[in-house]
Amino acid sequence: MVFLMKKFLEEFKAFALKGNVMDMAIGVIIGGAFSAIITALTESFINPLINSIGGAEVAGSIKLPWVDYSGLDSEAAAALSLNYGAFITAVINFVIIAFVLFLMLKGMNKLMNLRKKEEEAAPDPEPSKEEVLLTEIRDLLKEKK
């Protein structure tokens with residue numbers, strides 16, 4: 001049992017310390033921070049613009065007809081309502097994040113294609129004098145046989 005646990009821990013350590021896992025962890029942390037920035041942008045700028053243009057509040061809710069809201073404070077009433085405003089805000093956040101990621105990937109792909117074209121366009125380097133001499137020796141040895 002101890003041997004199996006030790007082997008399991010060794011396998012986990014090898015997995016966790018691979019470069020891809022560490023890169024992914026960094027990506028998740030940066031993605032969380034980026035998500036917080038987009039949420040702040042949406043709540044501070046985009047939602048007020050939508051509110052001022054459309055005249056409707058994004059943070060709205062629908063009260064359910066079968067629920068008695070009398071005597072409930074605003075938090076309890078919100079907990080018993082369909083809060084579509086939070087959903088709309090989340091959809092706006094998703095669209096912004098997806099658009100920014102699309103632009104980033106498009107830029108990265110363009111850079112990668114430029115790099116590939118540069119590598120393909122670069123001529124092969126001239127062989128050194130030693131390589132030329134070794135090639136001649138090899139060819140002469142083939143002719144002798």
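A surface patch is made of residues with over 30% relative accessible area and no salt bridge, where like charges are joined within 9 Å and nonpolar side chains (Val, Leu, Ile, Met, Phe, Trp, Tyr) within 5 Å. A salt bridge is a side-chain nitrogen of Lys or Arg within 4 Å of a carboxyl oxygen of Asp or Glu.

This is a predicted model, in which local features need pLDDT of at least 70, side-chain atom pairs count only at pLDDT 80 or more, and totals for chains, interfaces and linings use all residues. Residues are numbered from 1 along each chain as its sequence is written, and side-chain values use heavy atoms, with hydrogens and water left out.

A nonpolar patch on the surface is formed by Ile62, Leu82, Tyr84, Phe87, Ile88, Val91, Phe94 and Val95. Together they have about 770 Å² of accessible area (Shrake-Rupley method, 1.4 Å probe, only the protein chains shown counting as cover for residues). Helix α4, residues 84-121, gives the most to this patch, with six residues. Helices are DSSP runs of H or I with at least four residues, numbered from the N terminus.

Two residues are set side by side below; buried means under 20% relative accessible area, exposed over 50%, and partly exposed in between (1.4 Å probe, protein chains only).

| Residue | Relative accessibility | Class |
|---|---|---|
| Phe94 | 60% | exposed |
| Thr42 | 0% | buried |

Phe94 lies in helix α4, and Thr42 in helix α2, residues 19-54. Leaving aside residues up to four places away in sequence, Thr42 touches Asn47, Pro48, Thr89, Ile92, Asn93 and Ile96 (heavy atoms within 4.5 Å).

Helix α5, residues 129-144, has 16 residues. The number buried among them is zero, so α5 lies largely in the open.

Definitions and conventions:
Helices (H or I, at least four residues) and strands (E, at least two) are DSSP runs, numbered from the N terminus. The expected span of a helix is 1.5 Å times one less than its number of residues.
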